[in-house]
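Thanks, everyone. Let me walk you through one structure. Please have a look at it first.

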Amino acid sequence: NRDFSNVSMAVIRRLPKYHRYLKDLLEKEVYRISSRELSKLIGFTASQIRQDLNCFGGFGQQGYGYNVEELYQEIGKILGLNKTYTTVIIGAGNLGQAIANYPSFIKYGFKLMGLFDINPKLIGMKIRDIDILDLDYLEEYISKNKVEIGIICTPKEVAQEVAERLADSNVKGIWNFAPVDIKVPKEIIVENVHLSESLFILSYLLNEKENLQG
Ligand code: NAI
């Protein structure tokens, strides 16, 4: 395992985008690309692209460009997408069910083992072939199945409490969709998806444009 701990998070946060574009290129049977061409597609400058990819040892060759397949595989490895992870969803409402129904995550190694809820009408149901279980069994289930990631899709009022139960069960990571900043011990990695924050930026930009147009 190579050590990328000195690579800045700003670079890491751009990797999923490179990964997505490279996948599209492979699907179009493009096997080789220069940083200039990649720049036109992605919208980062060519020098930014060379700098970013150099952090990982530089996959490009002068006069040849990048080997798309190799770069795709390497970035996938850096992102840990060559591994598998076990996950559970807590909160099997609209969002929890939508995520459970989304097939792409499994392709990247995220295996959904179960959903948990407190609503007796939901407990016992299945989403695709995955059971909705009673929240009471959360800790037992996580330990028995060595669940690594908890996905929080509960109302925000209970998200902190759920996060603490996940932390006490020794999950490694939490993917939090509730619009609150949960607090857990720092060994546990938290990644938040705050959709409304993104929407508010859209709102700001729309307003700014209207103001400029008078
Ligand atoms: P929902 O009301 O459809 O689902 C919430 C589910 O959580 C319900 O089934 C409820 O029984 C369950 N629940 C309540 N307390 C619980 C607990 N202590 N443990 C386990 N389950 C519990 O709500 P929805 O729309 O699915 O939203 C869930 C969360 O995701 C909310 O925090 C919401 O703000 C956030 N969110 C939802 C989006 C959406 O598109 N629906 C988008 C972005 C964020």
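This is a predicted model. Start with the largest nonpolar core, which has 26 residues. Val88, Ile89, Ile90, Leu115, Ile151, Ile152 and Ala163 have the most contacts inside it. Which elements give two or more residues to this core? They are strand 4 (85-90), helix 5 (94-100), strand 5 (110-117), strand 7 (130-134), helix 7 (138-145), strand 8 (149-152) and helix 8 (156-168). Helix 8 gives the most, with 4 residues. There is also a second, separate core of 13 residues. Leu25, Leu38, Ile49 and Tyr72 are among them.

Back to helix 8. It has 13 residues. From first C-alpha to last, helix 8 reaches 19 Å, close to the expected 18 Å. Which of its residues are buried? Ala159, Val162, Ala163 and Leu166. Seen down the helix axis, the buried residues of helix 8 fall within an arc of 110°, so they line one face. What covers them includes strand 4, strand 8 and strand 9 (173-176). On the other side of helix 8, Glu157 and Glu161 are exposed. After helix 8 comes Asn170, with a positive phi near 65°.

Now look at Ile152. Among the residues it touches are Ala159, Val162 and Ala163. Ile152 also touches Ile90, Gly91 and Ala178.

Last, the ligand. There are 23 residues around it. Gly91, Gly93, Asn94, Leu95 and Ala178 come nearest. Helix 5, strand 5 and helix 8 each give two or more residues to this shell. By type, the shell divides into 15 nonpolar, 6 polar and 2 charged residues.

Key:
Residues numbered from 1 in each chain as written. Predicted model: local features only at pLDDT ≥ 70, side-chain atom pairs only at ≥ 80, totals over all residues. Core = buried A, V, L, I, M, F, W, Y, C linked by C-beta atoms within 7 Å. Buried ≥ 20, exposed ≤ 12 C-beta atoms within 10 Å, placed from the backbone. Contact = placed C-beta atoms within 7 Å. Near = placed C-beta within 6 Å. Nonpolar A, V, L, I, M, F, W, Y, C, P; charged D, E, K, R; others polar. Expected span 1.5 Å × (residues − 1). Arc of directions from axis to C-beta. Lists of a residue's contacts leave out its neighbours within four places in sequence.
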